[in-house]
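Work through the following exercises with the sequence and the model at hand. Each task is followed by a solution in steps.

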Amino acid sequence: MVEAHEPPQSAARPVVLITGASAGLGAALACELARGRRAPTIVLAARRLDRLERLAGELRKIDPTIVAATVAVDLADPEGPGRLAREVVDRFGGVDVLINNAGLGLPTQFAEADPGLIARQVAVNLTAPLLLTRHCLPSLVGRRGQIINIGSAITCVANSALGAYGATKAGLAYWNDALRRELAGTGVRVCLVEPGPIRTEFMDAIESMVTDGGRTDPILDNAAPWMTAEVWDVSRRVVGLLDRPRRRISMLRRLVWPFRLLGVIARLCPPLGDRVVVTLSRRPLSSPATAKDAP
Ligand SMILES: NC(=O)c1ccc[n+]([C@@H]2O[C@H](COP(=O)([O-])OP(=O)(O)OC[C@H]3O[C@@H](n4cnc5c(N)ncnc54)[C@H](OP(=O)(O)O)[C@@H]3O)[C@@H](O)[C@H]2O)c1
């Protein structure tokens, strides 16, 4: 158990740190927070500083009383999470709410994936949330704060088109639950959000890579538009966790039920599960690329 290094503080102006705030869900979360009544200090972190600065300006227009700060950080850099945590604690005295949102998907089959990109994905999606949380933990415990981890509904069923991505999110979910239990009694709330498909640059990137590869993935294709959530809907529900913390929420339930159903089938009858997922997913590889040849 980590000891609190700071005395309990009143979070009259809570400090909310959002990773991956330069786009998609992270940016929408920041806007939703700014529209709330807490007048928080919002720290926006990602690599693209120009976007973060633009967003900070928009947040100040929404509510001139809020503090919006930016930190440029590459979370794939092993030093990134520690540097980010130190900067926020030095500038604002601590963290009340940590939203581990930054993430990236690689829609290549594992055997075709660039090993360097796989390592980057694991670093951003899994290693960085763990390290950042560890660095922020003394402050979070001292302030009886909150950790919100953005996972994915993809963990319902192993999808051969997104195997490495799903592995990072499954790891995140395991650690989320373990941490929640470890921190029981400290006053720190730990919540896991598992969205289904959301229309953001994340989906655009996956679709363009799938299209560039000349193949389609019916699971992903069928995700739009009827299963795709609006980013504003998702951000509203995530920010709602600040007032009503929950262990785990799916976004939005009706949008992920086919994944859940597929997961149940795969667990009850693995051969049938394999057949359904392989049929719905991309064609099996005939010959895996060597790591050197991989794109
Ligand atoms: N969209 C979906 O369908 C969907 C579904 C389920 C779960 N999710 C999860 O939701 C979260 C947000 O996704 P999104 O849809 O909003 O994606 P997005 O629009 O692509 O935004 C991803 C964010 O992550 C940041 N990021 C990526 N690599 C980074 C790095 N090395 N260091 C720091 N920041 C980095 C990006 O900022 P920079 O590029 O500026 O660094 C960007 O702000 C992710 O964890 C994703 O896995 C998304």
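**Exercise 1: a loop residue**

Arginine 144 sits in the loop that links H4 and strand E5 (146-150); helices (H or I, at least four residues) and strands (E, at least two) are DSSP runs, numbered from the N terminus. The model is predicted: local features need pLDDT of at least 70, side-chain atom pairs count only at pLDDT 80 or more, and totals for chains, interfaces and linings use all residues. Residue numbers start from 1 along each chain as its sequence is written.

Solution. Most residues other than glycine have a negative phi. Step two: a residue is buried if 20 or more other C-beta atoms lie within 10 Å of its own, exposed if 12 or fewer, and partly exposed in between, with C-beta atoms placed from the backbone.

**Exercise 2: the faces of H3**

Task: for helix H3 (residues 80-92), compare the span with the expected one, then find which residues are buried and which are exposed on the other side.

Solution. Step one: the 13 residues of H3 reach 18 Å from first C-alpha to last, close to the 18 Å expected at 1.5 Å a residue; the expected span is 1.5 Å times one less than the number of residues. Step two: Gly80, Pro81, Leu84, Ala85 and Val88 of H3 are buried. Seen down the axis of H3, these buried residues fall within an arc of 130°, so they line one face of the helix; the arc is that of the directions from the helix axis to the C-beta atoms. Step three: Arg86 and Asp90 are exposed on the other side of H3. Step four: the cover over the buried residues of H3 includes strand E1 (15-19), strand E2 (41-46), strand E3 (67-72) and H4. Glycine 93, which follows H3, has a positive phi, near 90°.

**Exercise 3: the nonpolar cores**

Task: name the residues that touch the most other members of the largest nonpolar core, and list the contacts of valine 43.

Solution. Step one: a nonpolar core is a set of buried Ala, Val, Leu, Ile, Met, Phe, Trp, Tyr and Cys residues joined through C-beta atoms within 7 Å. Step two: the largest such core has 58 residues, of which Leu17, Ile18, Ala30, Ile42, Val43, Leu44 and Ala45 touch the most other members. Helix H4 (residues 115-142) gives the most to this core, with eight residues. Step three: not counting residues up to four places away in sequence, valine 43 touches Val15, Val16, Leu17, Ile18, Ala69, Val71 and Val88; contact requires C-beta atoms, placed from the backbone, within 7 Å. Step four: a second, separate core of nine residues includes Ala153, Ile154, Cys156 and Ala161.

**Exercise 4: cysteine 156**

Task: is cysteine 156 buried or exposed, and how far is it from glycine 263?

Solution. Step one: cysteine 156 is in the loop between E5 and helix H5 (163-182). Step two: cysteine 156 has 23 other C-beta atoms within 10 Å and is therefore buried. Step three: cysteine 156 and glycine 263 are 107 residues apart in sequence, yet 5.1 Å apart in space, C-alpha to C-alpha.

Technical notes: Two residues are in contact if their C-beta atoms, placed from the backbone, lie within 7 Å.
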